[in-house]
Amino acid sequence: MKPKSAAQSQISAALVVLPYHTNLIGNMHGGEVMRFMDSTAGIVAQQHSLCNPVTVSVDELVFQEKIKVGDLIVCEAELVFTGRTSMGIKVRVKKKNFKTEKSDKYAIEGNWLMVALDENRRPIPVPPLIIESPEQQKLFDAFKAKLIKKDER
Ligand SMILES: CC(C)(COP(=O)(O)OP(=O)(O)OC[C@H]1O[C@@H](n2cnc3c(N)ncnc32)[C@H](O)[C@@H]1OP(=O)(O)O)[C@@H](O)C(=O)NCCC(=O)NCCS
């Protein structure tokens, strides 16, 4: 199977936070942010594998910054790991400061593991990821190390 680069599937998606995304104090619900991150990660996995992906696990979601109604948020998702049928995707959400010149703040990040399924809903091999930089190698190794740690539990 022909290997593919992360750039071929990488994506950014934007969303303005509306009242129906938030709780009574105007903060975006964690579940809503996760849904946004999950669907963005899914697009990356779909573009890489050209198959139907499903989410297998989500690792270490940290809510570093609150997101409020009216905020513009951007979700960046990039493939960092491939196994045989699985794909590791790094997903980061940043708050855009579109009303000021302050720099954007990362609010949440997490690691998604997705598996490509064929039309019979069975796992199917995905193209290997082309590693193009030492930084990408680091991310690949870190993702793989976490999976190995899980297997040992
Ligand atoms: C994902 C799923 C198809 C895997 O099925 P399975 O019978 O375990 O398949 P396999 O043993 O062939 O594993 C497939 C891949 O998933 C990985 N995997 C399966 N369970 C895993 C787990 N708990 N943690 C990490 N990786 C896992 C395997 O390591 C393998 O990766 P690889 O091919 O890159 O080496 C199955 O668990 C499933 O359908 N889960 C529900 C998914 C879902 O509904 N998600 C929510 C909606 S999108």
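**Ligand shell, core and helix**

Reply: The shell around the ligand has six nonpolar, five polar and two charged residues. In this classification Ala, Val, Leu, Ile, Met, Phe, Trp, Tyr, Cys and Pro count as nonpolar, Asp, Glu, Lys and Arg as charged, and the others, Gly among them, as polar. The model is predicted: local features need pLDDT of at least 70, side-chain atom pairs count only at pLDDT 80 or more, and totals for chains, interfaces and linings use all residues. Residues are numbered from 1 along each chain as its sequence is written.

Me: What makes a residue count as near the ligand, and which residues come nearest?

Reply: A residue is near a molecule if its C-beta atom, placed from the backbone, lies within 6 Å of it. Of the 13 residues around the ligand, Val54, Gly83, Arg84, Thr85 and Ser86 come nearest. The strand β3 (52–63) gives the most to this shell, with four residues.

Me: How do you know that the span of helix α1 agrees with its number of residues?

Reply: Helices are DSSP runs of H or I with at least four residues, and strands are runs of E with at least two, numbered from the N terminus. The expected span of a helix is 1.5 Å times one less than its number of residues. The 20 residues of α1 (residues 30–49) should therefore span 28 Å, and its end C-alpha atoms are 28 Å apart, which agrees.

Me: Why are residues of α1 such as Val33 and Phe36 called buried?

Reply: A residue is called buried because 20 or more other C-beta atoms lie within 10 Å of its own; it is exposed if there are 12 or fewer, and partly exposed in between, with C-beta atoms placed from the backbone. In α1, Val33, Phe36, Met37, Thr40, Ala41, Val44, Ala45, His48 and Ser49 are buried.

Me: What makes a set of residues a nonpolar core, and which members touch the most others?

Reply: The set must consist of buried Ala, Val, Leu, Ile, Met, Phe, Trp, Tyr and Cys residues joined through C-beta atoms within 7 Å. In the largest such core, of 31 residues, Ala41, Met87, Ile89 and Met114 touch the most other members. The strand β6 gives the most to this core, with seven residues.

Me: How do you know that β5 and β6 pair?

Reply: Two strands pair if DSSP finds at least two bridges between them. Here 10 bridges join β5 to β6, which run antiparallel, and Met87 stands opposite Met114 in β6.

Notes:
Contact = placed C-beta atoms within 7 Å.
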